[in-house]
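Open the model in your viewer and get ready to select parts of it. This tour visits a pocket and a ligand, one stop at a time.

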Amino acid sequence: MTRTVYLNGAYLPEDQAKVSIFDRGFLFADGVYEVTSVLGGKLLDFEGHAVRLQRSLSELEITNPISKDDLLEVHRELVRLNEIDDGLIYLQITRGAADRDFAYPPADTPCTIVLFTQAKPGLAENPMAQTGLKVISIEDQRWGRRDIKTVQLLYPSMGKMMAKAAGAHDAWMVEDGFVTEGTSNNAYIVKNGKIITRHLGHEILHGITRAAVLRFAREAQMEVEERAFTLDEAKDADEAFITSASMFVMPVVELDGAPIGTGKVGQVASRLREIYVDESRKAAI
Ligand code: PMP
């Protein structure tokens with residue numbers, strides 16, 4: 001089956017969806033994105049992703065080209081057309097095509113809006129959740145507004161390759177001795193039963209999964225501390241995990257070649273994963 005994608009108001013076979021070489025997403029990484037998970041044909045936390053999308057656009061002074069209701073409709077139509085049971089929906093909005101100039105083009109320049117699906121059968125049954133991830137630490141060399149979900153993902157991409165070369169699955173980025181986040185996820189440690197994750201700010205992406213998981217943790221009477229933690233603290237933690245829309249809650253069992261805690265998947269991470277998947281399925285639309 002040929003995948004059907006959405007481009008600027010039209011549903012098209014993927015090989016017919018074309019974007020200008022002058023698109024500012026292509027020339028300047030001048031665009032933002034969201035990734036929403038689909039479980040059982042339903043969208044997880046659509047509201048959270050729509051709100052963050054609006055915030056990213058506002059921070060870049062890009063006028064949102066689509067209403068929340070229409071955006072929901074496009075997501076649902078792509079799930080239907082592509083018969084997605086479990087998978088992801090990628091959304092990207094750029095400032096559109098204009099003759100190359102560092103200054104933004106006039107505000108009425110039409111945005112480019114693209115959505116496509118990725119089928120991921122068994123997304124919630126990822127076997128990695130049983131064994132956990134190995135991560136390495138790398139210096140955080142990204143720009144200073146990581147709270148805006150832009151498409152400039154080259155450094156995170158390099159980080160994944162560094163992890164791969166080191167025989168690990170991912171990298172945690174470190175700035176001034178403190179862990180910021182994973183290349184495409186938020187980072188957490190657990191010490192003496194307390195869940196510690198970096199506070200919100202310009203230094204990290206405000207994960208939609210992070211917000212949900214912290215809410216569930218507090219509802220389950222788990223202790224949560226939102227503060228920066230050092231790489232040394234992480235190495236000395238009882239357990240560790242990451243969160244993202246596509247990985248949900250995923251245990252981390254090794255950091256820079258050394259086991260974290262027992263080196264096995266931790267209880268807190270396992271419990272939070274179970275709660276998150278259950279509650280997200282219930283709330284999916
Ligand atoms: N941090 C970064 C750098 C990310 O790229 C992502 C995923 N896009 C996250 C955190 C997790 O965010 P979310 O839970 O909204 O997927």
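Select α5 (154-165). This helix gives the most to the lining of the largest pocket, with five residues. Keep in mind that you are looking at a predicted model.

How many residues line the largest pocket? The count is 41. Pick out Tyr33, Lys149, Thr183, Ser184 and Asn185, which lie nearest the centre of the pocket. Colour the lining by class next: 16 residues are nonpolar, 18 polar and seven charged. The pocket itself has a volume of about 950 Å³.

**Stop two: the ligand**

Show the ligand. The space it takes is the largest pocket.

Select the 17 residues around the ligand. Which of them come nearest? Look for Arg52, Lys149, Glu181, Ile208 and Thr209. By class, this shell has four nonpolar, nine polar and four charged residues.

Highlight β9 (178-182), α6 (208-219) and β13 (239-244). Each of these elements supplies at least two residues of the shell.

**Stop three: atom to atom**

Zoom in on lysine 149. An N or O atom in its side chain is 2.3 Å from a nitrogen atom of the ligand.

Move to isoleucine 208. Here a polar backbone atom is 2.8 Å from an oxygen atom of the ligand.

Finish at alanine 245. A polar backbone atom of this residue is 2.9 Å from an oxygen atom of the ligand.

Note on methods:
Residues numbered from 1 in each chain as written. Predicted model: local features only at pLDDT ≥ 70, side-chain atom pairs only at ≥ 80, totals over all residues. Heavy atoms only, no water. Near = heavy atom within 4 Å. Polar contact = N/O pair within 3.5 Å; in protein donor to acceptor, adjacent residues only side chain to side chain. 1 Å grid on protein atoms, 1.4 Å probe; cavity = no way out; pocket = protein on both sides within 12 Å on 5 of 7 lines; lining within 4 Å. Sits in = over half its atoms within 2 Å of the grid points. Helix = DSSP H or I, 4+ residues; strand = E, 2+ residues; numbered from the N terminus. Nonpolar A, V, L, I, M, F, W, Y, C, P; charged D, E, K, R; others polar. Points joined across faces, edges and corners; volume = space filled by probe spheres on them.
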